[in-house]
Amino acid sequence: TASGNGTFNTIARASSISSVTSSVSVNGTSAVTVNITRASSSFTHTVVFSFGSYSKTTTGVGTSTSYAIPTSWLNAIPSATSGTAKVTVTTYSGSTKIGSAVSKSFTLTVPSTVVPTISAVTLSEAVSGLATQFGGYVQGKSKIAVKITAAGALSSTIKTYKTTIQGANFTAASFTSGVLTKSGTSNVTITVTDSRGRTASTTRSITVNAYTAPKISKFTAVRAN
């Protein structure tokens, strides 16, 4: 009979990713969490979250770490509302790398609050002289010169413009409308759509003065002498 004790050598086996948050809305506060299963309690890990050209590296991780993805990472998907990111875990025993790195994917989504913006809308009389003469838009005479200033969000770009004036639609950022046919108050509705398919809208009101061209209702001709 004999007894004794001893310590087994550490098995050089890389850790595995047991779970990672499957999807996270990128609002700057919601975090993605990765949980790691390791073969030895002495192992540490370098964890890299990556998406496009963006990455975040954390060293000395034990069994779990979290990272709140910055909204700036959404610049990597200017034409989509979601994208696939990756977390990579490399195992170390002290300074010695153990085995091969392991990775898992997760989804980043663009929050519904990330939309294009309309910063300015300019409406003006396009027919020379009318504004000075009548002090406003005139039914059957005036045309509106429209200029829209809009921008995407986090690298998205404006793809389409739609402006509705008295039932007519226009699809440019700057244009001149047709003749205004209705008097009274009319709405000018503007909608822009960006490369992510997100929209922004705004409405302006215009007042059109009623106008009817003069008519000759009666004409009499008589001999003058």
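Reader: Which residue in β15 is the bridge partner of I165?

Author: Happy to start there! Strands here are DSSP runs of E with at least two residues, numbered from the N terminus, and two strands pair if DSSP finds at least two bridges between them. Strand β12 (residues 158-165) and strand β15 (residues 184-194) run antiparallel and are joined by seven bridges. Within β15, the partner of I165 is V188.

Reader: Before we go on, what kind of model is this?

Author: Residues are numbered from 1 along each chain as its sequence is written, and side-chain values use heavy atoms, without hydrogens or water. Local features need pLDDT of at least 70, side-chain atom pairs count only at pLDDT 80 or more, and totals for chains, interfaces and linings use all residues, since the model is predicted.

Reader: Which strands are at the edges of the open sheet?

Author: The sheet has five strands with mixed pairing, in the order β10-β16-β15-β12-β13. Two of them pair on one side only: β10 (137-138) and β13 (168-170).

Reader: Is Q166 buried or exposed?

Author: Q166 sits in the loop between β12 and β13. Though not a glycine, Q166 has a positive phi of about 50°. Buried means under 20% relative accessible area, exposed over 50%, and partly exposed in between, with a 1.4 Å probe and protein chains only. At 17%, Q166 is buried.

Reader: And how does S155 count?

Author: S155 is in the loop between β11 (144-151) and β12. S155 also has a positive phi, about 75°, without being a glycine. Its relative accessibility is 41%, so S155 counts as partly exposed.

Note on methods. Helices (H or I, at least four residues) and strands (E, at least two) are DSSP runs, numbered from the N terminus.
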